[in-house]
Amino acid sequence: MSVAGDAGHATVTHTVGPEHTARAVGSGDLEVLGTPVLLAWLEEATCAALDLEDSQTSVGTRVEVQHLAASGVGATITAAASLTQRDGRMVIFEVSARDGNEVLVASGQVRRIVVERERFLSRVPPVD
């Protein structure tokens, strides 16, 4: 895995392994990149694109992504995020993923909310 970027834009690159397949993550029965893993990589790119204070983090609130092409084990996938709008604590990213042949694997939008870590965690109910 590699991460590159600056405030407002970032990319992350991963190689699809057996642990990333739809079969492995329970989102299907094929040995291709599972949509939940692809989504995690897109969200990883959005997190990398944010320049936050140490006391802050962000949480995902809305995802609209089209998974457009299958990727087999061994494929290299680069997920990219570009900040397109900021409204107070809400940030909106355009996201995309491409394989090593520049085939568009996914595209869409991810919304996140910037939160104060301690305050957010203090509101998580305890598990009995």
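Mentor: Here we go through the labels one by one and set each value against its cut-off. This is a predicted model, where local features need pLDDT of at least 70 and side-chain atom pairs count only at pLDDT 80 or more, while totals for chains, interfaces and linings use all residues. Residues are numbered from 1 along each chain as its sequence is written, and side-chain values use heavy atoms, with hydrogens and water left out.

Trainee: Why is serine 58 called buried?

Mentor: Buried means under 20% relative accessible area, exposed means over 50%, and partly exposed is in between, using a 1.4 Å probe and protein chains only. Serine 58 comes out at 8%, so it is buried. You'll find it in strand β3, residues 56-67; strands here are DSSP runs of E, at least two residues, and helices are runs of H or I, at least four, numbered from the N terminus.

Trainee: What makes the link between serine 58 and arginine 112 a polar contact?

Mentor: The rule asks for a pair of N or O atoms within 3.5 Å; within protein, one must be able to donate a hydrogen and the other to accept it, and residues adjacent in sequence count only if both atoms are side-chain atoms. The side chains of serine 58 and arginine 112 are joined at 2.8 Å, so the pair qualifies.

Trainee: Which other residues does serine 58 touch?

Mentor: Contact means heavy atoms within 4.5 Å. Leaving aside neighbours within four places in sequence, the partners of serine 58 include Cys47, Leu50, Leu52 and Ile113.

Trainee: Arginine 112 also pairs with glutamate 43. Why is that called a salt bridge?

Mentor: A salt bridge needs a side-chain nitrogen of Lys or Arg within 4 Å of a carboxyl oxygen of Asp or Glu. Glutamate 43 and arginine 112 meet at 3.1 Å, N to O, so the label holds. This pair links distant parts of the chain: glutamate 43 sits in helix α2 and arginine 112 in strand β6, 69 residues apart. Arginine 112 is buried because its relative accessibility is 5%, whereas glutamate 43, at 22%, is partly exposed.

Trainee: How many salt bridges are there by that rule?

Mentor: Three. Arginine 23 and glutamate 31 form one of them, at 2.7 Å, and glutamate 64 forms one with arginine 62, also with a closest N to O distance of 2.7 Å. Glutamate 64 has 39% relative accessible area and arginine 62 has 43%, so both get the partly exposed label.

Trainee: What makes a set of residues a nonpolar core?

Mentor: The members must be buried Ala, Val, Leu, Ile, Met, Phe, Trp, Tyr or Cys residues, joined through side-chain atoms within 4.5 Å. The largest one has 21 residues, and those with the most contacts inside it include Leu33, Trp41, Phe93 and Ala97. Helix α2 gives the largest share, six residues. Alanine 97 touches Leu38, Leu42 and Ile77, among others, not counting residues up to four places away in sequence.

Trainee: How do you know that leucine 121 is exposed?

Mentor: Leucine 121 has 55% relative accessibility, so it counts as exposed. This residue lies in helix α3, residues 117-122.

Trainee: And aspartate 51, buried or exposed?

Mentor: Exposed, because its relative accessible area is 66%. Aspartate 51 lies in the loop between α2 and β3. Its C-alpha is 5.5 Å from that of alanine 7, though the two are 44 residues apart in sequence.
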